[in-house]
Amino acid sequence: MITGELKNKIDRIWDTFWSGGIANPLEVIEQITYLLFLRRLDDLHTLEENKSARLKRTIERRIFPEGKDERNLPYEDMRWSRFKNFTPAEMFTVVSEHVFPFLRTLGGDDSTYAKHMEGARFTIPTPALLSRVVDLLDDVPMEDRDTKGDLYEYMLGKIATAGQNGQFRTPRHIIQLMVELTAPQPTDIICDPACGTAGFLVCAGEHLRKHHPNTLHDEKLKKHFHERMFHGFDFDNTMLRIGSMNMLLHGVENPDIRYRDSLAQDYASDEEAYTLVLANPPFAGSLDYESTSKELLKVVKTKKTELLFVALFMRLLKPGGRAAVIVPDGVLFGSSKAHKELRRMLVEEQKLDAVVSLPGGVFKPYAGVSTAILLFTKTNSGGTDHVWFYDMQADGWSLDDKRSPLLSEDKLGPVPSAELSEDEHAKNNLPDVLARWQERNYGELKRARTEQSFCVPKADIAAQGYDLSLNRYKEVVHEEVEYRAPKEILESLAKLEAEIQQGMKELEGMLG
């Protein structure tokens, strides 16, 4: 958790950019990302120098080459620890004319970060602004992985609060809930085909560190964690840079974060490549038929992106693989042929585990669309006996545009550190979702359909044309209210009238 002092430092950096003329929050975080990357390169180079000095060997991996660049500046001067001490004018020249061209040549390095730096653009307009930002960033402690990760998360939160760019962010507590529901394992291969800032992948990594700490002590599992476990695709290069840096600052050395329009191209090699899909894909409406993957159109003939993404998730998963994905409510009850066929496939050909209905304001202030989390397992041979439904009514935050916390920090999220009372549960349903999910094949089967969660047999769902909206199955309890007979009401009114008249007469007598 980041402290107030660190938050203040980040706020100062942010304010410095704004007062220096950069008001687009995405551009701010992109420039901070480049500078953090430069600081990391210097740290790595220092580590290599220390190792070579200790072992009395030459440096194995030089990040900054020996000699000078083509403009005659020593590569040594491009290191963070060197240029941070230059005068503002000198620093500006070094960073804009030497460091950024050098950054763009790093693509030869195998790492995913280097690849995303190929298009690096330096847009800080003045030497004074650069000098101020470098000073402030140099003052931020970056030794501890948790601090680094939390700092970047805090900055990403600033994108969300800045309006339209918030579409890239799923609320962190909803991501945590989906990760807890799917419980990633050390051998999983995890994919988010619309990864944005890589929030799902980061959270899955943190879950593994917490619940499977031995993963990073076993050489084979450690290599898998750093190089083969995490896969994220997006078609926005800024997002790829930001997502990569988010993974790096959360301690994942070389994830597979790359450019891809997931719906538009055929990737035969990726079919059945992953064991876990976590995603909140864009619900952008319709696509151009011509550019859409022919393989996906074979599964479901539609132009609607939300249906094509669900078809894509089924295609990407290995048999036995599982998915937790957010879909707009229309997917659950849409009446088109494509909608019905997709739901039929989920129920009859795969194993649909659960539908968790989310409160309407979860994605406010930038989207008011009603959504649900779909949880399913790919089997290619059916297996749906019953589907578990949960009617989530509160997520711990107000459901208006402000999205203010309703409880103290220790009582928020799916795994709060303090226990919740019944009143507090009414403000945060997430821990209850998790507890009842564990019971979905046991105690939950006995719950009545009037409760907050219940199970529906597959036969009932098939009989309803595979409609998956919770309201189709939820039974509402109507409270019995007894009304008095009209005659009785009229009699009591007449009696009341008589009493009023009598009172008036007595009052007149007293006054007379």
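By the ring-pair criterion (centres of Phe, Tyr or six-membered Trp rings within 6.5 Å; planes under 30 degrees apart stacked, over 60 edge-to-face, the rest tilted), the count in this predicted model comes to 12 aromatic pairs. Phe 100 and Phe 122 form a tilted pair, 5.0 Å centre to centre with 50° between the planes. Phe 100 lies in helix H4 (residues 88–104) and Phe 122 in the loop between helices H5 (112–116) and H6 (127–138), so the pair ties together parts 22 residues apart in sequence. Helices (H or I, at least four residues) and strands (E, at least two) are DSSP runs numbered from the N terminus. Phe 100 is buried at 1% relative accessible area, and Phe 122 is buried at 18% (buried, under 20%; exposed, over 50%; partly exposed in between; 1.4 Å probe, protein chains only). Ring pairs link Tyr 34, Phe 92, Phe 100 and Phe 122 into a cluster.

Strand E6 (residues 351–357) has six of its seven residues buried. Six bridges join E6 to strand E7 (residues 371–377) in antiparallel fashion, whereas E6 pairs with strand E8 (residues 386–391) in the parallel sense over four bridges; pairing requires at least two DSSP bridges between strands. Ala 354 has Leu 375 as its bridge partner in E7 and stands opposite Trp 388 in E8.

Residues are numbered from 1 along each chain as its sequence is written, and side-chain values use heavy atoms, with hydrogens and water left out. Local features need pLDDT of at least 70 and side-chain atom pairs count only at pLDDT 80 or more, while totals for chains, interfaces and linings use all residues.
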